Amino acid sequence: SIRFSSDATVAEAGFVICAAHFHVVSGECQTSIGGACFDSPNFPSQYPNNSACDINVTVGSYLHATVFKTRGDKDLLELEGDRVFSGTVGPDGEFVSRGSRISFVSDSVGTHGGFRVCDTRAGA
């Protein structure tokens, strides 16, 4: 729980509390925009061959790929173990629940520009 109190002597602008939606648990992916997005390794440059990462969902999120370019059917983004994305079609409106896992894996043959995937409510 969070508790705030004030002595009422001075009024200030206030504050905003934001929760990170995603947490990288292994590999070279990274979070961005205050944890509201996750990016492929080395984004916005090309991700390397033989990349792999796992991301934990900390807040249930509706996903939108703002950028998505992987090698079709070779370099894969997988949501919750059963929804797979590759090529130029990334997640759009897909829901992932709190505690679920997102993974990315690339093979050893070639790379592309990668991806940024965000929670649609984050305004990213």
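**View 1. One aromatic cluster in the predicted model is formed by Phe-22, Phe-38, Tyr-47, Phe-68, Phe-104 and Phe-115.** The structure, which is a predicted model, holds six aromatic pairs. Phe-22 and Phe-38 are both buried. The ring centres of Tyr-47 and Phe-104 are 5.1 Å apart and their planes stand at 80°, so this pair is edge-to-face. Because Tyr-47 sits in the loop between strand 3 and strand 4 while Phe-104 sits in strand 9, the pair ties together parts that are 57 residues apart in sequence. Tyr-47 and Phe-104 are both buried.

**View 2. The largest nonpolar core has 18 residues.** Phe-38, Leu-63, Leu-77 and Ile-102 are the residues with the most contacts inside this core. At least two of its residues are supplied by each of strand 4, strand 5, strand 6, strand 9 and strand 10. As a general background to this view, nonpolar side chains in soluble globular proteins tend to be buried together. When neighbours within four places in sequence are left aside, the contacts of Leu-63 include Phe-22, Phe-38, Leu-79, Ile-102 and Val-117, and also Pro-91, Asp-92 and Gly-93.

**View 3. Five strands form an open antiparallel sheet in the order 2-3-10-5-8.** At the edges of this sheet are strand 2 (30-32) and strand 8 (92-96), each of which pairs on one side only. From one strand to the next, the twist averages 30°. Within the sheet, strand 5 (residues 61-69) and strand 10 (residues 114-119) are joined in the antiparallel sense over six bridges, and Ala-65 has Val-117 in strand 10 as its bridge partner.

**View 4. Strand 9 pairs with strand 4 and also with strand 6.** Strand 9 (residues 101-105) runs antiparallel to strand 4, with five bridges between them, and here Asn-56 stands opposite Arg-101. The pairing of strand 9 with strand 6 (residues 76-79) is antiparallel as well and extends over four bridges, with Leu-79 standing opposite Ile-102.

**View 5. Ser-51 lies in the loop between strand 3 (37-39) and strand 4 (52-57).** Ser-51 has a relative accessible area of 4% and is therefore buried. From this place its side chain reaches the backbone oxygen of Pro-48 at 2.8 Å. If residues up to four places away in sequence are not counted, Ser-51 touches Glu-28, Pro-41, Phe-104, Val-105 and Ser-106.

**View 6. His-21 is found in the segment before strand 1 (22-27).** With a relative accessible area of 13%, His-21 is buried, because that value falls under 20%. Its side chain is joined to the side chain of Asp-119 by a polar contact of 3.2 Å. Apart from residues up to four places away in sequence, His-21 touches Asp-119 along with Gly-35, Ala-36, Asn-56, Val-57, Thr-58, Val-59 and Ser-61. As for Ser-86, this residue is 65 residues from His-21 in sequence and 22 Å from His-21 in space, taken from C-alpha to C-alpha.

Terms used:
Residues are numbered from 1 along each chain as its sequence is written. This is a predicted model: local features need pLDDT of at least 70, side-chain atom pairs count only at pLDDT 80 or more; totals for chains, interfaces and linings use all residues. Side-chain values use heavy atoms; hydrogens and water are left out. Buried means under 20% relative accessible area, exposed over 50%, partly exposed in between (1.4 Å probe, protein chains only). A polar contact is a pair of N or O atoms within 3.5 Å; within protein, one must be able to donate a hydrogen and the other to accept it, and residues adjacent in sequence count only if both atoms are side-chain atoms. Contact means heavy atoms within 4.5 Å. Two strands pair if DSSP finds at least two bridges between them. Axes are lines fitted to C-alpha atoms, for helices over the stretch in contact, and angles run from 0 to 180 degrees between N-to-C directions. A nonpolar core is a set of buried Ala, Val, Leu, Ile, Met, Phe, Trp, Tyr and Cys residues joined through side-chain atoms within 4.5 Å. Rings of Phe, Tyr and Trp (its six-membered ring) pair if their centres lie within 6.5 Å; planes under 30 degrees apart count as stacked, over 60 as edge-to-face and the rest as tilted.
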